[in-house]
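User: I would like to learn how to read the packing, pairing and confidence of a model from its coordinates. Could we work through one together?

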Amino acid sequence: MKHTAKMKHTAKAAAALALGAALALLAGCTPASDSVSSPPASASSVPAASESAPASESTAGESAPVSSSYAAAPGPAYAMDELWSRLEAAGKVWMPAQPGEEWSSLNGFAYPVVAFSTRGDGGYQMEMYSAAGSGATSWVFAQSTRDETGAYHLTAEQTDTEGNATVYLDGCGDRLTLVLYEDGTLDLQMERPALHKTFVANERLYPLSGGYWEATALDEETAARVNEQADEYGQVALSNTEYWQAGGEVLPLRTWRAVTLEEAQGLVN
């Protein structure tokens with residue numbers, strides 16, 4: 001069935017500095033007609049993601065079980081900059097509101113936390129890294145849509161795992177669904193479509209890695225075959241510079257709360 005997608009660490013984080021410039025030249029997604037904000041000049045528009053998934057309610061500072069509906073999601077449709085300002089939470093990071101045993105290994109990270117920031121090129125970034133102190137993956141978004149239940153949908157335009165960059169050409173990036181509640185808790189879920197990834201050599205913009213990956217969506221028939229044939233990383237190699245990536249859950253639906261990194265690290269230790 002679905003495989004958890006894992007990204008290979010093939011270069012150092014310094015290569016990520018060139019990613020904003022590459023995006024202006026390379027990304028080509030179709031604008032969403034019902035977006036609640038305009039994309040920055042350096043990034044392409046993003047279509048709405050898939051239908052919303054279950055969410056949860058909670059009271060401030062307390063853990064909350066996942067409920068069956070987004071119906072309780074409050075408030076007006078915030079513009080992207082206001083939404084991201086709230087998600088940045090005064091420099092805090094986010095951790096699962098119920099940090100059970102599964103938190104020790106999630107999306108390839110040990111005790112992952114999530115942080116939100118606004119990029120210098122005008123994009124919006126979500127970063128996941130280990131509270132234990134290793135690894136990092138970032139997702140870059142340009143705009144969001146918001147459905148009638150209050151759930152936001154965003155599609156990544158690019159990802160970066162320690163310099164291993166991917167640019168999505170047709171709106172096929174990882175699909176994030178989130179609800180930010182008035183009590184400060186956050187429901188978050190992310191899925192990845194099945195992808196065809198091809199390495200593009202570009203030593204000028206990526207001197208350390210030698211290039212970046214371009215991704216396009218696979219058709220349903222090929223995606224089903226990939227799900228059956230994929231290796232432990234959810235991949236089917238086609239050559240040294242080309243492979244298929246199985247679709248699946250990147251982050252399962254979970255309720256998160258803002259904490260200091262020190263608080264998260266204290267729970268790990």
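Analyst: Let us begin with touching: two residues are in contact when heavy atoms of theirs lie within 4.5 Å. In this model, which is predicted, F141 touches M80, W84, G123, Y124, M126, L154, T155, A156, D174, L176 and M190, leaving aside residues up to four places away in sequence.

User: Which residues touch the most other members of the largest nonpolar core?

Analyst: A nonpolar core gathers buried residues of nonpolar type that are joined through side-chain atoms. Here the largest such core has 31 residues, and those touching the most other members are W84, L87, W94, F116, M126, F141 and L186. At least two residues of this core come from each of α2 (80-88), β2 (112-118), β3 (124-130), β4 (136-141), β6 (152-155), β9 (175-180), β10 (186-192) and β15 (248-259), and the largest share, four residues, is supplied by α2. Another core, of ten residues, lies apart from this one and includes M95, A136, V259 and A264.

User: How many bridges join strand β11 to strand β12, and how many pair β11 with β14?

Analyst: Pairing is read from bridges, of which at least two are needed between two strands. Strand β11 (residues 195-201) runs antiparallel to strand β12 (residues 211-217), with seven bridges joining them; one example is L195, whose bridge partner in β12 is A217. With strand β14 (residues 242-245), β11 pairs over four bridges, again in the antiparallel sense, and here K197 has Y243 as its bridge partner.

User: Where in the chain is the pLDDT below 50?

Analyst: The pLDDT expresses the predictor's confidence in each residue. The chain averages 75, with 70% of the residues scoring at least 70, but over residues 1-77 the pLDDT is below 50, although this stretch has 208 contacts in the model beyond near neighbours in sequence.

Terms used
Residues are numbered from 1 along each chain as its sequence is written. This is a predicted model: local features need pLDDT of at least 70, side-chain atom pairs count only at pLDDT 80 or more; totals for chains, interfaces and linings use all residues. Side-chain values use heavy atoms; hydrogens and water are left out. A nonpolar core is a set of buried Ala, Val, Leu, Ile, Met, Phe, Trp, Tyr and Cys residues joined through side-chain atoms within 4.5 Å. Buried means under 20% relative accessible area, exposed over 50%, partly exposed in between (1.4 Å probe, protein chains only). pLDDT is the predictor's confidence in each residue, from 0 to 100.
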